[in-house]
Amino acid sequence: MARRAVLAIERAHYRRFLVSVGAGMVVLGAMMWIPAVNHSFVGAPDRQMMTMAFKIRAEQVAADDPALLIDIDDSTIVGTLPASGPPRAPLATAPRGVVAKVLDYILHAPPGQGAKVVIVDVDFATPTPGDEAGAAELHKVLAEWAQTPSAPPLLLGRQSFPASAITSDQTPKLLLPATDYDDVVDPAPNIYWVIVKMLSDENSVIREFRPYECDVRPDGKMAPVFSAPLMAYAFMVQGKIPNGAPVSQWTKTADADCAGPPHPPIQYGEFINYHLELGEGENENRVWPDMPANWPGASVCGPNADRAVFRRLSAGDVAAAGPDADHGLLCQRLVVVGGTNQAANDFEQTPFNDMSGPVILINAARGLEMSDGGLKRVPLWLQLTTLIVMSALITVGFWAARKLREHYEGLRSRHRERPLIVRLRLLPFNPVLLSYVFAFTAYAAGVGLLIVSLNLGYWGYLSAPAFASAVVGSVQEFSNDED
């Protein structure tokens with residue numbers, strides 16, 4: 001009896017199930033092997049689901065390295081302006097003298113109590129007329145940094161430009177303009193040029209970072225310039241990047257890629273594992289959770305060390321305090337020096353909200369550390385299995401919806417003349433209401449699965465293939481109704 005029932009159901013719904021699975025597989029394959037499809041409207045359902053997962057797991061705490069933002073904020077900019085006289089624009093959105101004082105403070109941390117790695121989110125090739133004294137002070141601090149073996153790795157942001165914008169060369173080359181600090185940085189064993197470029201989707205939401213660029217340096221040689229998050233992660237794990245880590249593909253192929261003919265920059269990069277939320281205007285009065293008890297830095301920094309997963313200091317306050325100020329917040333942290341001031345307007349859309357560039361860098365670097373070298377794609381066999389199960393559930397759902405619709409119509413016809421209170425009791429059987437409940441439950445289950453996979457360092461395509469299966473199933477359902 002049971003076997004005949006199963007065979008009867010299979011004969012009635014076998015074709016629908018296969019067509020739904022086929023549609024889901026087509027979408028899944030396109031998203032996996034054609035990046036442009038994934039970044040188009042087709043991938044929008046999965047991006048929205050990932051956005052919801054990021055928001056739910058915001059301020060995630062893991063036993064990795066905490067972060068500190070030394071913020072060139074509005075008060076820092078105001079502090080560099082003259083106290084009297086007519087108003088004027090600031091010399092720069094990142095005054096070189098302030099940056100020099102901040103780096104001097106970091107450099108003079110007690111042994112073993114300093115930062116783990118430092119990123120300066122400032123384009124050092126940008127001219128700063130009128131700030132010659134600050135530039136000279138910064139040059140001096142960088143020279144001292146280069147000569148201090150105990151100083152942490154220092155990653156300096158640098159902006160490249162298309163060759164056609166500077167010269168008559170029309171090839172797709174990127175040129176690095178010369179800076180006033182090349183003579184110090186290029187030979188330094190602990191200072192590195194990096195890029196801080198991010199990549200967005202069709203809605204201008206920042207979701208990836210560019211892993212490297214093939215740039216022509218001032219000496220005429222073309223070489224890869226790696227991204228700040230990738231370089232910071234490598235130093236945070238002391239170079240022990242797992243062989244199977246997603247970012248290892250970039251480190252292994254960069255030299256060979258840049259040795260070949262010039263080509264346009266990489267358009268699709270590495271996912272940012274968002275986990276810390278700090279939107280525009282949320283700098284003040286924010287309380288952050290503490291690092292877990294097994295944080296490795298606890299044994300180095302001592303019992304009185306600050307354990308917050310994230311801290312922010314005003315660069316103006318750090319510069320005013322001087323190099324002898326307390327260094328307790330630096331110990332074993334990823335330190336980013338950058339600006340949230342309105343003059344620079346360095347804010348981008350993220351899955352959370354409008355977020356400043358330095359905080360995006362913190363999310364990208366710490367996200368790599370939390371996922372052991374980047375979010376890994378869920379294995380193909382598991383994605384196919386999930387798709388088949390979901391297609392089966394969708395097919396069963398349409399069958400159940402048909403039965404419920406027939407049952408609901410029967411109940412309505414029998415109770416049409418009954419009092420309103422009696423008819424209201426039929427609402428739980430309303431197929432429209434049940435469809436919404438089913439859809440919400442499926443969405444919540446999908447977000448839950450994604451949160452679990454993100455915490456394990458994996459991501460996959462779930463919404464778009466399932467949506468394709470559901471649409472094809474709906475078309476078949478309506479076709480059957482018309483027949």
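This is a tour of one predicted model, stop by stop, with what to select at each.

Residues are numbered from 1 along each chain as its sequence is written. Because the model is predicted, local features need pLDDT of at least 70 and side-chain atom pairs count only at pLDDT 80 or more, while totals for chains, interfaces and linings use all residues; side-chain values use heavy atoms, with hydrogens and water left out.

**Whole chain**

Of the 483 residues, 49% count as buried. Buried means under 20% relative accessible area, exposed over 50%, and partly exposed in between, with a 1.4 Å probe and protein chains only.

Switch to a surface. The accessible surface comes to about 23,400 Å², and 61% of that belongs to carbon and sulfur atoms. Such areas come from the Shrake-Rupley method with a 1.4 Å probe; for residues, only the protein chains shown count as cover. Among contacts between residues at least 6 apart in sequence, 77% join residues at least 24 apart, where contact means heavy atoms within 4.5 Å.

**Stop 1: Leu-155**

Select Leu-155 in strand β3 (residues 154-157). Leu-155 is buried, with a relative accessible area of 0%. Beyond its neighbours within four places in sequence, its contacts include Val-117, Val-118, Ile-119 and Val-120. Also among them are Tyr-192, Val-194, Ala-228, Met-231, Ala-232 and Phe-235.

**Stop 2: Leu-387**

Move to helix α14 (residues 380-414) and pick Leu-387. Leu-387 counts as buried at 4% relative accessibility. Leaving aside neighbours within four places in sequence, Leu-387 touches Val-21, Gly-24, Met-25, Leu-28, Pro-465, Ala-466 and Ser-469. Its C-alpha atom is 9.7 Å from that of Ser-463, 76 residues apart along the chain.

**Stop 3: salt bridges**

A search of the whole structure finds 12 salt bridges. The term covers a side-chain nitrogen of Lys or Arg within 4 Å of a carboxyl oxygen of Asp or Glu.

Select Arg-47 and Asp-201, whose closest N and O atoms are 3.2 Å apart. Arg-47 is in helix α3 (residues 44-56), and Asp-201 is in the loop between β7 (198-200) and β8 (206-209), so the pair links distant parts of the chain, 154 residues apart. Arg-47 is buried at 9% relative accessible area, and Asp-201 is buried at 8%.

Next, show Lys-116 and Asp-65, a salt bridge of 3.0 Å from N to O. Lys-116 lies in the loop between α5 (96-107) and β2 (117-120) and Asp-65 in the loop between α3 and β1 (67-71), so the bridge ties together parts that are 51 residues apart in sequence. Lys-116 is partly exposed at 21%, whereas Asp-65 is buried at 5%.

Then select Arg-311 and Asp-306, whose side chains meet in a salt bridge (3.0 Å, N to O). Arg-311 is partly exposed, with a relative accessible area of 30%.

**Stop 4: the largest cavity**

Rolling a probe the size of a water molecule over the atoms shows where empty space is left. The search finds two cavities of 30 Å³ or more. On a 1 Å grid over the protein atoms alone, a cavity is a set of points where a 1.4 Å probe fits but cannot get out, and lining residues have an atom within 4 Å of a point. Grid points are joined across faces, edges and corners, and a volume is the space filled by probe spheres set on the points.

The largest cavity has a volume of about 90 Å³. Select Leu-174, Cys-214, His-263, Pro-264 and Pro-265, the closest to its centre of the 13 lining residues. Strand β9 (residues 212-216) gives the most to this lining, with three residues. By class, the lining has nine nonpolar, one polar and three charged residues. Here Ala, Val, Leu, Ile, Met, Phe, Trp, Tyr, Cys and Pro count as nonpolar, Asp, Glu, Lys and Arg as charged, and the others, Gly among them, as polar.

**Stop 5: two backbone angles**

Most residues other than glycine have a negative phi. Select Gln-238, in the loop between α9 (228-236) and α10 (248-259). Gln-238 has a positive phi of about 55° and counts as exposed at 62% relative accessibility. Finish at Asp-372, in the loop between α13 (357-370) and β16 (376-377). Its phi is positive, near 55°, and Asp-372 is partly exposed at 49%.

Key:
1 Å grid on protein atoms, 1.4 Å probe; cavity = no way out; pocket = protein on both sides within 12 Å on 5 of 7 lines; lining within 4 Å. Helix = DSSP H or I, 4+ residues; strand = E, 2+ residues; numbered from the N terminus.
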